[in-house]
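Hello,

Here is the structure I promised to pass on to you. My notes on it follow below.

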Amino acid sequence: GRTLKIGSDTTLTLAPDQRIVLRPRSDCLLLTNRDPDGGDRGITVIGGIWDMDNLRQSPNPAWRDWSEPPRKPLAERPKAFSRDYYLGAAIYFENVSNLVFRGVTIRNPVTYAFHICRVTDFEVSHIRFDFTTENPIKGNMDGIHLDGGCRRGRILDLEGATHDDLVALNAHDAWCAQTNAEISDILIDGIRAEGAHSAVRLLSAPEPVRRVTIRNVVGNFYCCGVGFTHYFPERPEGTIEDVRVEHCRLRPIPAPPGKYRAKQGPMLFFNERIRLNRITFDDVLVEPGE
């Protein structure tokens, strides 16, 4: 019924099938770190099925008017990031060094499954996404969502379909991020997804995204495979550089039925207003769509 907080130099180990479920109408995170202001270090979480149980929480505040019947917001949306504002994410870590999150299933978040900001020297690996319901629509249901200040990270072996970006590297994220800053030195290796929204999104507006390797992505996607994006038209031009995309098999499919319809784009998608420097593709196959 309240957010579990984990501190420095702590390991939490659960059986793979042990379920941690958020009590109905709790409207809070399942898990976060204890000291985001001062910073934490050496946190390891292994195992478990982390279930936000989204139908029994308040709806995504960005889409609450799509609820049936429409729902009033819990609170007015702040002009800047606030940890007290209910965003609908399941798990959130901020200002952590040496974080390991491994062998976990994340089930039915309201918005982001796993959200980090200012996290360095981290590994997120062997993650399964079990998204079977949404509240009220599939918008914003990311898998692994990185915000500014994330550096030297390894994201390995992800499986399952998410309803928004399976991995998002958002150096600028407006009021959703505590910090808008450079994201750099990230390895993404191993994504398997059938019927997902998109595999990897890189976003710069103007904070840069640098030195990223994306490899071994296999699946079919109804929005895009890998996106180089800007998104915020009012923001200065972005920079994405030193990115390698290799050993990928991407296939476009139609968007699933429902009220929320993602706009289908190319499997390799490039926004305007981005400077791209040293972007390389090796052994990347875009298969014919349906």
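Asn 98 is partly exposed, with 44% relative accessible area; here buried means under 20%, exposed over 50% and partly exposed in between, with a 1.4 Å probe and protein chains only. This residue sits in strand 7, and its phi is positive, about 60°, although Asn 98 is not a glycine. Strands are DSSP runs of E with at least two residues, helices are runs of H or I with at least four, and both are numbered from the N terminus.

Before the rest, some ground rules. This is a predicted model, so to speak of local features pLDDT of at least 70 is needed and side-chain atom pairs count only at pLDDT 80 or more, while totals for chains, interfaces and linings use all residues. Residues are numbered from 1 along each chain as its sequence is written, and side-chain values use heavy atoms, with hydrogens and water left out.

Asp 27 also has a positive phi, about 50°, without being a glycine. You will find Asp 27 in the loop between strand 3 (19-21) and strand 4 (31-33), and it counts as buried because its relative accessible area is 18%.

There are cis peptide bonds to look at as well. One runs from Glu 68 to Pro 69, with omega near -5°, and Pro 69 is in the loop between strand 6 and strand 7. Another joins Ala 205 and Pro 206, with omega about 0°; Pro 206 belongs to the loop between strand 13 and strand 14 (209-229).

**The chain as a whole**

The chain has 17 strands and 0 helices. The C-alpha trace spans about 45 × 45 × 40 Å along its principal axes. Of the 290 residues, 55% count as buried. Among contacts (heavy atoms within 4.5 Å) between residues at least 6 apart in sequence, 79% join residues at least 24 apart.

**Cores**

In soluble globular proteins, nonpolar side chains tend to be buried together. A nonpolar core here is a set of buried Ala, Val, Leu, Ile, Met, Phe, Trp, Tyr and Cys residues joined through side-chain atoms within 4.5 Å. The largest one has 64 residues, and Phe 93, Phe 101 and Leu 202 touch the most other members. Strand 13 (residues 183-203) gives the most to this core, with 9 residues. Another core, of 6 residues, lies apart from it and includes Tyr 85, Tyr 112, Trp 175 and Cys 176.

Beyond four places in sequence, the contacts of Leu 202 include Leu 169, Val 226, Phe 228 and Ile 240.

Is Asp 157 buried or exposed? With 15% relative accessibility, Asp 157 counts as buried. It lies in strand 11 (residues 151-159), and the residues it touches more than four places away in sequence include His 126, Arg 128, Asp 189 and Arg 192.

Arg 71, in contrast, is partly exposed at 29% relative accessible area. Its place is the loop between strand 6 (49-51) and strand 7 (91-102). Among its contacts beyond four places in sequence are Arg 25, Arg 64 and Asp 65. Arg 71 and Pro 136 are 65 residues apart in sequence, with 10.0 Å between their C-alpha atoms.

Best wishes
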